[in-house]
Amino acid sequence: RRRLEQVQALRKVDIAITSSLDLRVTLGVALDQVTSVLGVDAAAVLLLNSGTQTLGYAAGRGFRGREIERSLVRVGEGPSGRVALERRIIRINSDKEMHDAFGKAQLIESEAFASYIGAPLIVKGHVKGVLEVFHRTPFPAEGEWLEFLEALAGQVAIAIDEAAMFDDLYRANVDLTLAYDTTLEGWARALELRDYETAGHSRRVSELTTR
């Protein structure tokens, strides 16, 4: 039954990736599966800004407040920063470890979290962010549980990569369209300069036609 639930969860994330171009929708579906199938209290996705080398909040589930939405962590700093830098799962499962890792962080204090697991989101060899899961009691994470967390993290990483590729394609298309329009306008102006009486004719016709 547990294996069937895991397969169904991965399938739901697959469907979200292929049917929606909105990354927020896909991340929402993925985090719903993370919290329900993995049985954790809360989960969040932090996206990596390669320019500033910081991790910022992208989506979350299960949090009582909005402190998580202000998350901004430098790579290498804190548990999530270490996950991104070291490209490996990091687990914290005791009060002392939580205090050592987070100190008096308002997120941990206000949410009363007692355990943490962070997984890197890696696709094509590049870190795209971090998947974080939290629980309000000590939470042993071993074997099959960790394997499924890694599988979900892989799906989330693919969703992030596809969304980035679509955005790049869209921007390239917009740039190409603008360049094409600019080229046509330049040709029209060049042709009209041959005769003073026709100068601006194409522009005036375009404006009149639009009106």
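Q: Which residue in the turn between strand 1 and strand 2 has a positive phi?
A: The two strands form a hairpin with four residues between them, where strands (E, at least two residues) and helices (H or I, at least four) are DSSP runs numbered from the N terminus. This is a predicted model, in which local features need pLDDT of at least 70 and side-chain atom pairs count only at pLDDT 80 or more, while totals for chains, interfaces and linings use all residues. Residues are numbered from 1 along each chain as its sequence is written, and side-chain values use heavy atoms, with hydrogens and water left out. In the turn, a positive phi of about 55° belongs to Gln53.

Q: Over how many bridges do strand 1 and strand 2 pair?
A: Strands pair if DSSP finds at least two bridges between them, and strand 1 and strand 2 (residues 54-61) do so in the antiparallel sense. Within this pairing, Ala44 stands opposite Gly60 in strand 2. The number of bridges is seven.

Q: Which residue in strand 3 stands opposite Thr54?
A: Strand 2 is also joined to strand 3 (residues 72-74), with which it runs antiparallel over three bridges. In strand 3, the residue opposite Thr54 is Arg74.

Q: Is Gly51 buried or exposed?
A: Gly51 has its place in the loop between strand 1 and strand 2, and its C-alpha atom is separated by 19 Å from that of Arg70, 19 residues apart along the chain. Buried means under 20% relative accessible area and exposed over 50%, with partly exposed in between (1.4 Å probe, protein chains only). Because its relative accessibility is 66%, Gly51 counts as exposed.

Q: How far does helix 2 reach from its first C-alpha to its last?
A: Helix 2 (residues 23-37) has 15 residues, and the expected span of a helix is 1.5 Å times one less than its number of residues. Just after this helix, Gly39 takes a positive phi of about 70°. The reach of helix 2 is close to the expected value, at 21 Å.

Q: Why does Thr35 count as buried?
A: Thr35 lies in helix 2, where the buried residues also include Leu27, Leu31 and Val34. Not counting residues up to four places away in sequence, Thr35 touches Val40, Ala42, Ala43 and Arg61, contact meaning heavy atoms within 4.5 Å. Thr35 is buried because its relative accessible area is 18%.

Q: What is the volume of the largest pocket?
A: On a 1 Å grid over the protein atoms alone, a pocket is an open set of points with protein on both sides within 12 Å along at least five of seven lines, whereas a cavity is a set of points where a 1.4 Å probe fits but cannot get out; lining residues have an atom within 4 Å of a point. Grid points are joined across faces, edges and corners, and a volume is the space filled by probe spheres set on the points. For the largest pocket, the volume is about 310 Å³.

Q: Which helix provides the largest share of the lining of the largest pocket?
A: The lining has 18 residues, of which Ser71, Val73, Phe102, Ala105 and Leu107 lie nearest the centre of the pocket. Two or more residues come from each of strand 3, helix 3 (78-86), helix 4 (95-102), helix 5 (106-111) and strand 6. The largest share, three residues, comes from helix 3.

Q: What is the relative accessible area of Ser115?
A: Ser115 is found in strand 5, and beyond four places in sequence it touches residues including Ile92, Met98, Val133 and Phe139. Ser115 is buried, with a relative accessible area of 0%.
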